[in-house]
Amino acid sequence: MRVLVVAPTYQEAENITRFLAAVRASVPGADVLIVDDSSPDGTGTLAEASAAELDQIKVLHREGKAGLGSAYRDGFAIALDEGYDVIVSMDVDFSHDPSVIPALLSRIEAGADAVVGSRYVAGGGTKHWPRHRRLLSRWGNRYTAFILRLPVRDCTSGFRAYRATALAAINPASTTAEGYAMLTEFVRRLVRAGYTVEEHPITFVDREFGVSKMSGRIIAESMVLVTGWGIRDFFVRLRHRVAPS
Ligand SMILES: Nc1nc2c(ncn2[C@@H]2O[C@H](COP(=O)(O)OP(=O)(O)OP(=O)(O)O)[C@@H](O)[C@H]2O)c(=O)[nH]1
Ligand SMILES: [Mg+2]
């Protein structure tokens with residue numbers, strides 16, 4: 001299996017070097033693509049320095065901060081273009097433990113089309129997260145799973161592995177979200193297309209270094225998109241029910 005780890009970065013100078021070393025140690029055979037939005041703190045330059053030292057690491061430098069969603073879009077387009085078999089996505093702030101990557105990969109090898117590192121299945125959880133973040137994430141995910149009827153408890157976890165054929169089939173380039181709503185959009189499309197999405201318990205640890213890029217606008221985007229998809233799905237179901245077959 002040719003594996004590419006795609007990791008978006010913005011202002012992660014305190015994390016990036018350690019992150020790349022940890023990924024290399026965890027999955028020596030995997031390639032890594034850092035998608036950096038010209039972080040003013042020099043994250044991109046540090047990533048290049050690690051790339052020169054560790055090889056199998058590439059850095060995509062984008063012009064300005066364009067959001068997590070579009071970083072995934074660009075990173076996944078490269079991954080699919082270059083013919084990788086499995087694409088892993090994760091954050092570089094150590095909220096996602098690089099030593100868990102092999103466990104995600106083995107579930108893909110065992111047959112899953114996608115595996116989500118999940119905080120909300122037995123054995124999963126969060127550590128050091130302030131109460132308001134915990135509540136937002138927990139209830140946001142409950143709302144999402146309920147309104148979209150998704151059998152996935154953690155639709156907003158960015159720590160994942162995708163089988164390339166499944167990812168290609170849902171056409172990431174045609175997604176629209178700017179922030180983490182993109183993650184829900186991927187799950188929704190995978191489930192609707194009949195792919196198996198499994199959850200693997202993870203402990204999400206709040207970042208020790210650097211600052212959060214989460215904003216009110218990105219939270220609002222997620223709520224609006226999820227609610228819109230839910231309403232659309234409701235009317236589609238209704239039409240199927242009333243239409244003579
Ligand atoms: N390229 C790119 N990366 C981003 C952008 N926003 C966030 N990231 C990266 O995406 C990952 C997740 O962002 P975080 O700020 O950690 O967001 P979060 O994990 O939802 O929230 P925290 O609790 O603050 O950690 C990190 O690796 C960030 O550096 C962006 O606009 N562009
Ligand atoms: Mg984070």
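Here are some notes on the ligand site and the pocket around it.

1. Ground rules first. This is a predicted model, where local features need pLDDT of at least 70, side-chain atom pairs count only at pLDDT 80 or more, and totals for chains, interfaces and linings use all residues. Residues are numbered from 1 along each chain as its sequence is written, chains are lettered from A and ligands numbered from 1 in the order written, and side-chain values use heavy atoms, with hydrogens and water left out.

2. Who is around the ligand? Ligand 1 has 20 residues around it, and Glu12, Asp37, Lys65, Asp93 and Ser212 come nearest (near: a heavy atom within 4 Å). By class, that shell holds nine charged, eight nonpolar and three polar residues (charged: Asp, Glu, Lys and Arg; nonpolar: Ala, Val, Leu, Ile, Met, Phe, Trp, Tyr, Cys and Pro; polar: the others, Gly among them).

3. Now the polar contacts (pairs of N or O atoms within 3.5 Å). The side chain of Asp37 puts an N or O atom 2.7 Å from a nitrogen atom of ligand 1. On the backbone side, an N or O atom of Val35 is 3.0 Å from a ligand 1 nitrogen, and one of Pro8 is 2.9 Å from a ligand 1 oxygen. Ligand 1 taken alone exposes 630 Å², and the protein buries 94% of that (Shrake-Rupley, 1.4 Å probe).

4. Ligand 1 sits in the largest pocket (more than half of its atoms within 2 Å of the grid points). A pocket here is an open set of points on a 1 Å grid over the protein atoms alone where a 1.4 Å probe fits, with protein on both sides within 12 Å along at least five of seven lines; lining residues have an atom within 4 Å of a point.

5. The volume of the largest pocket is about 1,100 Å³ (the space filled by probe spheres on the points). Among its 49 lining residues, Leu68, Arg133, Tyr180, Lys213 and Met214 are closest to the centre. The lining splits into 21 nonpolar, 16 polar and twelve charged residues.

Terms used:
A polar contact is a pair of N or O atoms within 3.5 Å; within protein, one must be able to donate a hydrogen and the other to accept it, and residues adjacent in sequence count only if both atoms are side-chain atoms.
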